[in-house]
Amino acid sequence: MHRNIAQAFDSIPESNSPTNPTGAAEYRYIAQHIASDDYFFCNNFGALKGTRAAEDTATADSVKATWPKAKLMTRLRESFAFCDQAIAQLDDAKLGEPVTIPLVGIRGLSRARDGARSRARPGDHYSQLANYMRLNNILPPTALPRPRPPGN
């Protein structure tokens, strides 16, 4: 899913307006939201905790959504890399351990359930992004023809 999301953002021109007449979530907002979610959920996978710049945690989402695309893509790729590292620290023995989700106050959720939920959410956001792209006459990565193996 990370690959599809990154390819989708890469294919949206910087010139696309930060305002969205369609009413759907605008792509820059989606980018900053996914990056924030990655740190929020992946911090529950074990001892490894992601760190973010004060600017990222103290700035309102609506303001971050106006940042240049390159800055948002850097933050997004950093969050992907952190989640990959965080997931790597999981093993079968830790999957049943209870975790508490901060801010929402959910307690007693297993790491396995939290992990599954955190990995399913990017699919929802990719769907939003794909709809945004289609409304702007851009073909999403998952709709592109797949390369054929040599000899076929």
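**Close-up 1. The disulfide of the predicted model.** One disulfide (a pair of cysteine sulfur atoms within 2.5 Å) turns up in a search of the whole structure of this predicted model. Its partners are cysteine 42 and cysteine 83, with sulfur atoms 2.0 Å apart. The link of cysteine 42 and cysteine 83 is right-handed, with 105° about the S-S bond. Because cysteine 42 belongs to helix 2 (residues 27-42) and cysteine 83 to helix 5 (residues 69-88), the pair ties together parts 41 residues apart in sequence. Helices (H or I, at least four residues) and strands (E, at least two) are DSSP runs, numbered from the N terminus. Both cysteine 42 and cysteine 83 are buried, where buried means under 20% relative accessible area, exposed over 50% and partly exposed in between (1.4 Å probe, protein chains only).

Residues are numbered from 1 along each chain as its sequence is written, and side-chain values use heavy atoms, leaving out hydrogens and water. As the model is predicted, local features need pLDDT of at least 70 and side-chain atom pairs count only at pLDDT 80 or more, while totals for chains, interfaces and linings use all residues.

**Close-up 2. Helix 2 against helix 5.** The axes of helix 2 and helix 5 cross at roughly 25° and come within 9 Å; axes are lines fitted to C-alpha atoms, for helices over the stretch in contact, and angles run from 0 to 180 degrees between N-to-C directions. Helix 2 and helix 5 are therefore roughly parallel to each other (angles under 35 degrees count as roughly parallel, over 145 as roughly antiparallel, 65 to 115 as roughly perpendicular and the rest as oblique). Contact means heavy atoms within 4.5 Å. Residues making the contact include Ala31, Ala35, Tyr39 and Cys42 of helix 2 and Leu72, Leu76, Phe80 and Cys83 of helix 5. By class, the contact of helix 2 with helix 5 has 12 nonpolar, two polar and five charged residues; Ala, Val, Leu, Ile, Met, Phe, Trp, Tyr, Cys and Pro count as nonpolar, Asp, Glu, Lys and Arg as charged, and the others, Gly among them, as polar.

**Close-up 3. Helix 1 against helix 2.** Helix 1 (residues 2-11) and helix 2 have axes that come within 11 Å and cross at roughly 150°. That makes helix 1 roughly antiparallel to helix 2. His2, Ile5 and Phe9 of helix 1 meet Tyr27, Ile30, Ala31, Ile34 and Asp38 of helix 2. The contact of helix 1 with helix 2 comprises six nonpolar residues, one polar and one charged.
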